[in-house]
Each structure stands twice: as structure tokens, then as C-alpha cells.
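Let's take a look at this structure together, one part at a time. Keep the 3D view open as you read.

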Amino acid sequence: MIHLTVNGTSHALDVQPDVPLLYVLRNDLQLNGPKYGCGLGECGACTVLVDGIAARSCVIPLGIMAGRSVTTLEGLGTPEALHPVQQAFIDAQAAQCGYCLNGMIMTVTALLNRNPSPNDTEIRAELRGNLCRCGAHVEILRAAHRAATLVRRDRAA
Amino acid sequence: MLHARDALTRDGVLLIYLPPHGGGPIQEEPAAAGPQQPDDEVEVFLVVDRDGFVTGYNGHVDLGTGIGTALGQIVAEELDVAFEHVRIVLGESDKAPNQGATIASETIQVTAIPLRQAAAQARRHLISLAAERLDVRIDELDVENGVARRRDGGNASVSYAELLRDGHIRLALDPTVPLKATAHYRVVGQRQPRIDIPAKATGQFTYVHDVRLPGMLHGRVVRPPYAGLDAGEFVGNSLVAVDRTSIAHVPGLIAVVVIRDFVGVVAEREEQAVEAAAKLRLEWKTWPGLSDLDRPEQTLRAASSRPRVLLDEGGSAEAIAAAAQPMRRTYVWPYQMHGSIGPSCSVADFRQDGLTVWSGTQNPRMLVTDLARLLDLPEERIAIVRHEAAGCYGRNCADDVGADAALLSRAVGRPVRVQLSREQEHAWEPKGAAQVMDVGGGLDAEGRPVAYDFATRYPSNAAPTLALLLTGTIPAVPNVLQMGDRTAIPPYLYPKRRVVVHDMAPIVRASWLRGVSAMPNSFAHESFVDELATAAGVDPVAYRLRHLDDTRAIDLIKTVAEKAGWVPRTGPQSLPPDGDVLHGRGFAYAVYVHGTFPGTAAAWSAWVADVSVNRTTGDVVLSRVVVGQDSGLMINPAGVEHQIHGNVIQSTSRVLKEQVTFDRTGVTSREWGGYPILTFPEVPAIDVVMVPRPDEPPLGVGESASVPSAAAIANAIFDATGVRFREPPFTPDRILAALNPLPPPAKISSGDFSPVATVPRSQKPWRRWFGLVGAAMAGGLGVAMAMLPGRGMIAPITRPDPSVYAAATLARGRAVAALGNCFGCHLGPDGTALAGGHALATPFGTVYATNITPDPFAGIGAWSYPAFERAMREGLSRDGHHLYPAHPYTAFTRSSDADLQSLYAYLMAQPALAHVPPRTRLHFPFNLRPLLAAWNTLFLRSGTLAPDPSRSEAWNRGRELVEGLGHCSACHSPRNALGAEQGGEAHLAGAVVDGWEAPALTNLSKSPVPWTEAEFYSYLSTGHAPLHGVAAGPMTAVVAELRVVPDSDRRAMATYLASLQTSSLPQPQAESLAGTLLVRTAGISPEATAAGERIYAGACATCHEPNGPALFGARPLLALNTSVHSARPDNLIHVVLDGIATPAHPDLGAMPGFAGSFSDIQVADLLRYIRARFAPAEPAWENLDSNVARIRAGDNHS
Ligand code: FES
Ligand code: FES
């Protein structure tokens, strides 16, 4: 049994420790936010937060997650109660197919956890390893800037 | 969601349908009339129902462009209902209209027309019902939000919903109903937020990847070795044998499905299917192999083709021959990929009564046809449920995986989900074809063009669904599709035009990709016109305008040039450089013509590109693009703008970076390192100019803005450098090669590939040890040695009662066991602790670790402490026989009595396991254990070390642990001629064990920053020394075990190890040296390692670059890494191929292995780059290719 917390709920999982976290989240916990893109840590589609830090769930064996807290896209917010980063991505219409969207939102969230006022260069550097084939980059960058504003506003409030 | 089929049987609806065989004459039926057409033959376009909702059906699908939103706007507009009350159902195969594949930006331009017509017709019918109900004339009514009201302000009103309370109204589509005038538009033309984004941003959206069915199993396919080839005798005929036993042990395995070259596995869980697919052993025939496609021009020219003359005005050859300046140019386009971010996925459920496939297909109808053929089923029994997938921009593997899932589901009788791997999607997706364009032309004395002779070659077709070929259902004969003619006619008013397309069968699997053949063709047209302008000494924009008569094109070009602040010029290099950085600006214009020749024009597009080119590195930066588009009426301007952005970014990526690579076996670009795409820091500023044309029909916008990209960028690079580039991608190595012709790299001779014979042979200790003993035997010495007896048996005892041991003793014993790595070597089957059986493979046979649990028979339960101590200090078993020095008693002998006693206690307190490990049986003469007595006489120095009073207690303890229980020297010391560890200088000076280099722990370390006590401590505690690297290979388990060791012991070991460094540095200085190295190597861009640099950037940089994104886990910096600086590449090769699956400490995160993703050549390229950039002071590694092949083959005996 491996114990971990996902989106605030604790789980005891009877799964081999070498199974990638991504499969556990998607198949055992039926969470659709994290996506399989490459399985090699190259594209960012599978990004989740582990104790608040961005993590590529496709290359993380479940075993090393024991006792940790994982947040997926679903855990940030819902359509009724959006997280400010999700709100910003919707406001900026920052997706085409949206397959990369999970990774973009989670990576920006992790960045803003660390640095609530990133500049454009910092945002681009942080997203360097998040690939988008549709070319939604312009809207995603706008969303990231807007997210920073919303997050700061939220914190001030 | 209302399915089209269900609507046919519902009450309270108004339904517009297409009768069989098209619209035909108007045949409006009386309201509430019963169905006149049999339900099976109609296609439903639109349903208005009594809930006030409207559902529109379109045969196309959303490929990630938000097309559903635009269609919803069209329906809302014509029907005068609120946008929020419209649902659009795309790509349903059952009763929805069949409108062919979603290609060529046709959705809005072509297939939306009947939907709009249907909406207008529904409104007309409803308003006439309303007039009847309210007893007014139709022209006295207004409709807003689905409610009809008297225009004169009277109170009477009725809603569509109320009009549809009962009955079932069914109308045949009437193409003559008048449409709303654009002047009255309220919804169309407004920026409308996409309806799908909130669900996508919160994880609530169901992509095809997210479909789950009760009882669903997981499948994976195993593709043949001819990666990405789909034509030829060998396709479907190459599988020789399947070794099912190779995966019999995989848990949860349900089935292995083999039909000729189609191979799939099905398992309960996804990771089980992955494991089975990876481990299944298959034997394939050899096949002819592929000719060189990395520079495709010659291959395309050599392949057979059929010329098709699209246009010949006559006299072009003569005109060119007579020109004042004749010009002949060739432009070449590389193979490229769709590169969907999500590899294709599908779920299939095959039952007695039929098949349902959940699919991200571009063309549900075609998939039905393919599945019917593949499974020999009638088409009516196949249903496709279309879900969105990752954006595909053309034909990717979506249909392939649907067919794969169907075959697997049929085999197991349950629903099966198949997910292709990244490598499979990359290797097998039908590629965007390479293309060769030859242009002939020239100028007369006045600088006017004399003729245009254009020929293009495009080897591509519709890429038949793979399973049909692999199973031999259809023959793998390449058919020819006439799709090379998109935008083949130049847009300019050239005299004497001749345009020929050489239709060709594919060379590798290829099909349409965004801007199908038009993007390459326009690259040639728009580069050539630029070349003409330069030759004529005329500004390139002015020259274009001079030779155009299309007023919308002229308007667009002028608008874009003005917006960009275009400054007319007559030659290149008009902008001042900044040192080594040259600046340039280029223009291009194109209209994307799609569909069967002569085709239909989609939106017009024009680009102004600003680039800077670094003369010393070859880097091209696209800093800004001004892009203009005339799209006719824009349904959703926000969607159009988004499409333009997407096209600019994706096409920039294609032009600057993208090219599929091949070797003789097929496609070698199998992940994002081998096929890099544009990243955020490279995204240019984009200014979009949208020409308003509300009165013109809407045009497709999905591809147009890609088409001018390559020429605009090439023209800008020409402006910057004065050098013309005619073959994308414009990568730094190509730019550099053209700007500063360098001597060609020394050709690698075949001698360089000669196998390991030239590698310095540093044998692994076991082989040397055994080898020497064997030699001694041969010399006759052995006979005498063999006579030396052991020293007798120690009497058995009853297993001590574990309850006599104090908890503290047991805890200490646990730590001692960890220090001695007892668990690692004495591992039992299925990971049971200490039960033995772990095999140490040697060329002379296998040494099996023994059971050291307290079982009296199988283990050491009958051993007294003296027997145990003798084994630890002298290498004798209780019964007196010699243990092989695989058991490191030469080191253990240094342990303190207290440590050995607590270890004994700990072992005796463990559960007794009766497991009997296999006996070690070595080949003669190595099976003669008594030989060891002689060896021990020579090399075993029994007993503890006397404490050194001049040193601290910690140092003495550290020495005892490092030299004793820790037996570090067993791996880290080289061995002498008789296989014993060397002392003196050589002690802990590094060695190779089991194919891994155990690096020097002394000053001989190759690490660029000297080891410090803090670094050793960090490494031993966490497996990560920030200034040196992370534990990999055999060290991960060693360090992981040390976590139970008292902190003071780890510190003591660090103290002792640091004392071995004669030139250590204080920690702050070590850190500042590391900082200097990081800065120095950040700027190094080694020459001649371009391929490796690309792989590094795509596959490694995210986790290893000093300034990469903050990610969970360690960030090992290669400029400091011990393995990168070693004399041998072995450790690095191991780590690249196999990754670090189980880290020494959970905080380090894991590293994926790339063995399944990279070819040997790619690993070698990558390592060459890493070495050159991060260890610039070290010599290049030699024979990397063959070393990678050797280590991949599992040959650790170098
Ligand atoms: S799927 Fe994890 S990084 Fe690509
Ligand atoms: S929106 Fe499709 S991959 Fe980013």
C-alpha cells in the first residue's frame, strides 16, 4: 500500500511502486487533467504539483510519492469555482485543442507560487519545456500575465 | 447531447434533413407530416426542440480549432436564437451528414453552407407557424432569442419552444431559402469566446484519451521494425516468430494478438500492457532498408513519377533561353511531422451485434469503411463515437489506433483502450512529404519576367490505415494521389507559364499536413519572385505589386507592408548589423488553394518577417511577424486571430527547426529531442492585420497563414546575409555552413567502427580473478593449491532466541546491514529480504548469493556467532568451505566486534525463510573452492584496523566503515594481477564493475570540482552531491540503504573520504568554482555537434539546464557531473539508455530511459555534444557509436 494525498483526499493505493504517477492518477483515480504526451518528461502535458512544485507525472514512479501531496488540474478549481490561473486561461482563450493546457496551467501555477510577479522572460523560460503544437503560445503568455495579476489581487484581498 | 438518430424518433422537434442523393427539388412537407423518407436514408442537419434548444450537425470534426463555436454562431444568427441555446454536434457517423474528411479548412467555407441553410429554413418555417398562431402576417413579426413578437410592439409573442409542443416536423433541406443579409448580423462577426475552454481548463472535458468503459482493458501495439514505411513486399510479411513465453510472467496479461505483422498485447492495467509490449520478443525478417532521406532531393528525383501538366501556355523554354538573365532554381522541402502533442488513442468495444469505436478521427465515415473491411463486418454494424483528441493538422495516427483497438477488442471480447506511445506516433504518423520544386524563369533587359516554368514533386497519398496493411487485408502497393498541385499555379502575371506536377507514390508513409503541398510550392514561388526582384534591382514588394491583378491580393499586400513600415530597398543588407548579429526583413504572400485542381481559394495571407542572424553561431531569431489575412466574412474574428497566431507559430517552427530524420531502418525522430519544435522563448512577436470583408463569403482560415512563412523567413535571411537559402529548416548548422564555409568534417572511416578491440580493456574484477586462477591451474601450480584444506566445521547451534537482543542492538544491526549492503546482494526471489538467490553473472558461470535468514537449513539459523564472525572475517562457511570473494570478507574483516555482533543479532531476529537459492556451479577449474585458500594466504589481512590516535574519532569511525563494512574498495579500487584489490596509491582510485565505472574516491577523481566533506555527506545522505551529480546504477541501492544508518556514521564516512583528497577546497571555494564552470559552459556552443545539441535541447535541457523550469526532483548539472568528465562514457551511456528508475532518495525524482526512443547514433551524437559543451577540457570520447551499441546489447565486459 502506498499512501499519498491527491487534491486533498488521502488515498491508500495497492499499486506497484514503479508505476508512473500519471497512470495512477488517470486510471486508478480517474483524473483526466494530467495528460500523456511523451512519457519522457519532454512535453509537460502530464504536469501536476507535488507539494506545490511542478512535477512531470509521467516520469515519477508512484513509490517516491509516498506521503506527499499531489494536486492535479481538477484540484485547482472547478468550472463553478475557478482557480485564478484557470480563470486567466479562460479569459485569454488560451487553448486551441487544449491538450497541452493542463501542463500550461499547472506550470504557471507553480511559477506563481514561487514568484507572483514574473516578467515575460521569466514566464517564457519557465514554460520552455511545455510544448504546444497548435501554436497557442501568444494566448498562453497573455493568460500567464493575467494570471499573475489575478493571483496578486487574490492574495491582496 | 441529442444524437441525430434519436431526434428522428422524438416528438416536439423540428428537423431539417438531407434526403438521399442530395437536396434535389424543394419538397417541403406539411407541418407534422409523418416521415416520408425511411429513417435509414436521411442525414440530419438541424433539430429545434421544444426545450428551446437547437442542435446543429456537421460531418466535420473539431481538430482543435474551436470550429464548433463558429458553427454555433452561424446557427444562432440565422435562427435568431441565443448563442447559448445552440449545440453543435461534430463528426457523428450515425445519421449526421457525411461531409468527408475534415481537411483543407473547408468546414466554414464549404460544409457550413447547408447548416446555415437549414437554420434559415427552420426560422422561416417557425415564423410562419408563429404568424399563424398569433394571427398576423409574417412581415409583422420580429424574432429575437427564439421568441417571435409583433414588430409594432404589441404584447403578443410566441417562442419556438411553444410552437413545438407536440408533433414532429420534418423538412427536407431547401437550398433556395433566402439567408439573412449580413447587414443584420448580430452574432456572426462578433468575437465569441470558445465554448469548450472552461471544461478543458478544469479537467472536465472528455478527450478520446479520457474515455473509460466498464470492464475496459488496456492494449498496446508492437510495430514492425520498418519504422514509418507502408509500401513494399515486406509490409505485412516480415514477422517470423513470436516468443509468448518472453512475457508469460507479466502480471495481468490477457492476450497477445498476432495477425501477420500486426502485433498487440492486452492486459488488465495500462502499465502491464506497456511492460508486455516492451518485453515481447519477436523475430523479424530482414528487409531491404531505406535510401538516404535526410537530404531528400536526390531520392525524390530518382523515384518514379508521372508528370501531369496543369498549365502550359507554350514557349517557356524558348523564352528562358532567350532571356537577358535566365534563372533556374531548385527549392527543397524536408519531411515533416504533424506532431500531435497527444499520441493517438482509441477505445473499441466489439460485441456480437457490432462494433463501437471511440475515436479522434478526422473522418469518421472513412474509418467505418476501413473497419468494415478489416473486420469483415457490414458498415451498418459499426458506430464511431467521435471525441476530440490533440490537435492533428492533417492525417495522424488517429485512424490507425482505432483499427488497432478494434482488432484487440475482437480478440478478447471486451472493450480495449489502445494508447500509442510517443515513439510510435512519431515514427508511424503519415509524414508531411518532402518536396522538390524546380523553377525556371528569367528577366528581359528591362527586368521583366519572361516565363515561368514550374515543376513540383510530392510523394504522398492518403496513407491507408495501418492495420489493413499489417494484417495483409489490403496489399501494400503504394497508390498515387494527386495532391501535389495545391497553389502550384503562381499568383503572378508571368507570361508563358508552364506548371507540371510529378505525381508520385510515397517513399515513406506520408499524407496531408497543414498547407498540403501549397506551403512548399509557395516557398518556391515566393522565393523565386524575390530572386527576380533582386536581379531586377527592384524592391521585392513593389515587384510583386507590379505583377498582380487580383485586387484583394493587392489590397492585402499594401496593408501589411504599411502596417510593418516596409522600407523599399533594391538589394540585401540594407539594415545595419549589431556586431556579429545581422538584421533582415522579408516579405511573402500566398493564397492557399485547396481541393481537386484547379481547387478553391481559402483566405489570402501575407507576411513581413524580421529576423536576426548571428554570423558566428548561425542562430536565426525570428523577432517579429506582421501577418495580414483577408478571410472574407469572419464568423468569429477571435477564432480567426487565434488561427493566424497558431499558423504563424507552427509554420515558424517548421521552417526554422523541423525535419524528420531517417536511417536505413526508417524514421529515427521518435521524440521531441529528435524532432524539436518551437519553444516559448523562441516565439516571435506577432502583429495580426485582419482585412474586414463582411460582404464577402467566409473563407477557410485554418491553414492560410502558414503558407507564406518559409519564403518570408528565407527572404529575410537573404536580406540579412546576402545568402539565399533554398532548403528549410534553417538550422544554425546550415546557416553557419553557408556563411562560413568550413572544411568538411574528417570523414569517419570504417576503421572507427571496429569493435571494442581498440578500447582499453579494463576487465571487470571477476573475470580477472577467475582468469588468473585458471592460469595458475594450467601452470601446474593449481594442483598443490587445490590440496590446501579448509579449516573445519563449526558445530551447529539452535537458533538464538531473538527476544534476548536489545532494541538498540537490533537497530544498530539494521544499520550495519545497510552499510554492508547485505540486502542488495542477498536479495531473495520477488524482493524478499535476505533469502538469497540474487545472481552475479560472470563469464565463468553464475555466483548466487546465499540465504542469510535464520532458517536452520536453508539459511544461517544454525550458525553460532563464531561461525558468523569467521565467515565475515575469513571467508569460510560454517561447514568450513571457502566462500568466493564475491562476499567481500577482505573488507568486512576490518569491522569492529560491536558492529558484527549487532549484525548477527539483527540477522537472527529476521523471519526465517526456507528458500534454497540455486547452488553456484562454476565451470572447471573455477569450481574448485580450495584454490581460494591459497588466494587468501596472499591477500587476506584479517582483523580490525588499529585506531589512529592523531585523527579524530569521526575519522577513525569513518575509516572503519569505508574500509570495513562499507567495503567501498570492492568496487572503487582497481585489482592487481591476481584479482585482489590494489593498495597504496591505487586504493579507491576507481575501477569498472559490471559495466559501470566506480569512480575514484581519491584525488584521482575526474570531477571538475574537488570533493569536499559536505559533498560526500550530501551524496551519502541523499544520493545527490550538488556539485557532482546524483547516484545512478548500482549506487542508487547502496545510498538508499544508507538512509537507515545513523547520521553520525554518514558524517564519519564523509570525514574520512574527504581526508583522502589531498587537494580539497573549502566548500565556499568549491561552490564558487562550480559557479564559474556553469557560467563558462553556458556560452559554449560546440561546432559540429548540431544533431546532439538539438537532442539535448529537446530531451535533456528541461531537467538539466541550470536555468530550467523549477521541477520536482534534483537538477543534475552536467558541467559539474563526474560521469561527463570521466575518461569513459560508460556511466553516461547507461544512464541515457536506462534512466534512473529508482532513485537513491525519493526527493531526487527519477529519470526516464531513452533506450526505446534514441538510436545508437543519436545517443552518440548527444554524448558528443554533452562532452564538448560541458567538459571542454577533456578529450572527446572515441568510438561512441560502437560503445553505445555494446552497452545497449548488455555487454558489460569492456
Ligand atoms: S507526458 Fe510527461 S512530460 Fe510529456
Ligand atoms: S493547444 Fe493544442 S497542443 Fe497546445
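Before we name any pieces, here's the naming rule: helices (at least four residues) and strands (at least two) are DSSP runs, numbered from the N terminus. Also keep in mind that this is a predicted model.

The peptide bond joining Phe597(B) to Pro598(B) is cis, with omega at about 5°. Further along chain B there's another cis peptide bond, this one between Pro728(B) and Pro729(B), and its omega is about 0°. Pro729(B) belongs to the loop between helix H17 (709-721) and helix H18 (732-739) of chain B.

**A backbone angle in chain A**

Now hop over to chain A. Asn7(A) has a phi near 50°, which is a positive value in a residue other than glycine. You'll find Asn7(A) in the loop that links strand S1 (2-6) and strand S2 (9-13) of chain A.

**Where the chains meet**

How many residues does each chain bring to the contact? Chain A brings 68 residues and chain B brings 79 residues. Together they bury about 6,000 Å², and carbon and sulfur atoms give 59% of that area. On the chain A side, Gln96(A), Arg128(A) and Arg133(A) supply 15% of the area that chain A buries against chain B, more than any other three residues.

Five salt bridges are counted between chain A and chain B. Across the interface of chain A and chain B, 35 residue pairs are in polar contact.

Several elements of chain A give two or more residues to the side that touches chain B, among them helix H1 (21-28), strand S4 (53-56) and helix H4 (101-114). The largest share of that side comes from H6(A), with six residues. Sorted by class, the side of chain A that touches chain B has 38 nonpolar, 16 polar and 14 charged residues.

| Helix pair | Angle | Axis distance |
|---|---|---|
| H21(B) (807-819) and H25(B) (897-908) | about 100° | 7 Å |
| H29(B) (1013-1022) and H30(B) (1034-1042) | about 90° | 6 Å |

What do those angles tell you? Angles of 65 to 115 degrees count as roughly perpendicular, so H21(B) is roughly perpendicular to H25(B). H29(B) is likewise roughly perpendicular to H30(B).

Which residues do the touching between H29(B) and H30(B)? Tyr1019(B), Leu1020(B) and Thr1022(B) come from H29(B), while Met1035(B), Val1039(B) and Leu1042(B) come from H30(B). By class, that contact has five nonpolar, one polar and no charged residues.

As for the other pair, the residues of H21(B) that meet H25(B) include Leu810(B), Arg812(B) and Val816(B), and their partners in H25(B) include Asp899(B), Leu903(B) and Tyr906(B). The contact of H21(B) with H25(B) has seven nonpolar, three polar and three charged residues.

Key. Residues numbered from 1 in each chain as written. Chains lettered and ligands numbered in written order. Predicted model: local features only at pLDDT ≥ 70, side-chain atom pairs only at ≥ 80, totals over all residues. Heavy atoms only, no water. Contact = heavy atoms within 4.5 Å. Buried area = accessible area lost by both parts, 1.4 Å probe. Salt bridge = Lys/Arg side-chain N within 4 Å of Asp/Glu carboxyl O. Polar contact = N/O pair within 3.5 Å; in protein donor to acceptor, adjacent residues only side chain to side chain. Nonpolar A, V, L, I, M, F, W, Y, C, P; charged D, E, K, R; others polar. Axes fitted to C-alpha atoms, helices over the stretch in contact; angles between N-to-C directions. Parallel < 35°, antiparallel > 145°, perpendicular 65-115°, else oblique.
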